[in-house]
Amino acid sequence: MKRVLFTIIAVMAFAVASSAQGVLKFESEKHDFGTLAEGPVANYTFKVTNTGTAPVVISRAMASCGCTTPEWSQDPILPGASSSIKVGYNTSGRPGNFKKTITVTSNAENSTVILTINGSVTPKSKTK
């Protein structure tokens, strides 16, 4: 009888522990830079909050190309706490419209989130 009771308690404890999960909630998953001048790096910071019940660690933020560079904290985002992912887009030598993605991977319930940046780069004027 003690074994059965212990087994039931262990299963219930495991079920409760496994339901604890972090959830990443971004203020916005898309950003439109509008029109940018060619040359400087354009930066935007995506803000994110852990709305779940367990800490979340962002293990990777991978851009769709080398012209886009994400930066993020490796520290756990505790339940209720916020963090950010800073994204830079290098406009140099890239006139025209652009749309780039950043794939964010974490241990959250929503383990993969795709962020998007877009805009248009005005070419430098050619001097004679």
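F98 is found in strand β7, where strands (E, at least two residues) and helices (H or I, at least four residues) are DSSP runs numbered from the N terminus. The structure is a predicted model, in which local features need pLDDT of at least 70 and side-chain atom pairs count only at pLDDT 80 or more, while totals for chains, interfaces and linings use all residues. Residues are numbered from 1 along each chain as its sequence is written, and side-chain values use heavy atoms, with hydrogens and water left out.

At 7% relative accessibility, F98 counts as buried, a class that means under 20% relative accessible area, with exposed meaning over 50% and partly exposed in between (1.4 Å probe, protein chains only). Leaving aside neighbours within four places in sequence, F98 is in contact with F33, L36, Y89, I117, N118, G119, S120 and V121, contact being defined as heavy atoms within 4.5 Å. One of these residues, S120, is 22 residues from F98 in sequence, and the two are 6.0 Å apart in space, C-alpha to C-alpha.

## Aromatic pairs

The structure holds 3 aromatic pairs; rings of Phe, Tyr and Trp (its six-membered ring) pair if their centres lie within 6.5 Å, and planes under 30 degrees apart count as stacked, over 60 as edge-to-face and the rest as tilted. F33 and F98 form a tilted pair, with 6.2 Å from centre to centre and 45 degrees between the planes. Because F33 lies in strand β2 (residues 30-37) and F98 in strand β7 (residues 96-106), this pair ties together parts that are 65 residues apart in sequence. F33 is buried, as is F98, and F33, Y89 and F98 form one aromatic cluster.

The rings of Y44 and F46 have their centres 4.9 Å apart and their planes at 80 degrees, so this pair is edge-to-face. Its two members fall in separate accessibility classes: Y44, at 24% relative accessibility, counts as partly exposed, whereas F46, at 1%, counts as buried.

## The four-stranded sheet

Strand β7 belongs to an open sheet of 4 strands with the order β2-β8-β7-β4 and mixed pairing, where two strands pair if DSSP finds at least two bridges between them. The edge strands are β2 and β4 (58-63), each of which pairs on one side only. Neighbouring strands of this sheet are turned by 20 degrees against each other on average, direction ignored; the axes are lines fitted to C-alpha atoms, for helices over the stretch in contact, and angles run from 0 to 180 degrees between N-to-C directions.

Strand β7 and strand β8 (residues 112-122) run antiparallel and are joined by 10 bridges, and a hairpin connects β7 to β8 through 5 residues. Along this pairing, T105 has T112 in β8 as its bridge partner, and V104 stands opposite V113 in β8.

On the β2 side, β2 and β8 pair in the parallel sense over 6 bridges, and the bridge partner of A37 in β8 is T122. G34 is also found in strand β2 and, at 28% relative accessibility, counts as partly exposed. Leaving aside neighbours within four places in sequence, G34 is in contact with N118, G119 and S120. The C-alpha atoms of G34 and S120 are separated by 6.1 Å, although these residues are 86 residues apart along the chain.

## The nonpolar core

The largest nonpolar core has 23 residues, and those with the most contacts inside it are L24, F26, I85, F98, I102, L115 and I117; such a core is a set of buried Ala, Val, Leu, Ile, Met, Phe, Trp, Tyr and Cys residues joined through side-chain atoms within 4.5 Å. At least two residues of this core are supplied by each of β1 (24-26), β2, β3 (41-50), β4, β6 (82-90), β7 and β8, and the largest share, 4 residues, comes from β8. In soluble globular proteins, nonpolar side chains tend to be buried together.

L24, leaving aside its neighbours within four places in sequence, is in contact with V48, T49, V56, I58, I77, S106, A108 and N110.

## The chain as a whole

The secondary structure of the protein chain comes to 1 helix and 8 strands, and from the N terminus on the elements run α-β-β-β-β-β-β-β-β. Of the 128 residues, 30% count as buried. Among contacts between residues at least 6 apart in sequence, 65% join residues at least 24 apart. The chain exposes about 8100 Å², of which carbon and sulfur atoms supply 57%; accessible areas come from the Shrake-Rupley method with a 1.4 Å probe, and for residues only the protein chains shown count as cover.
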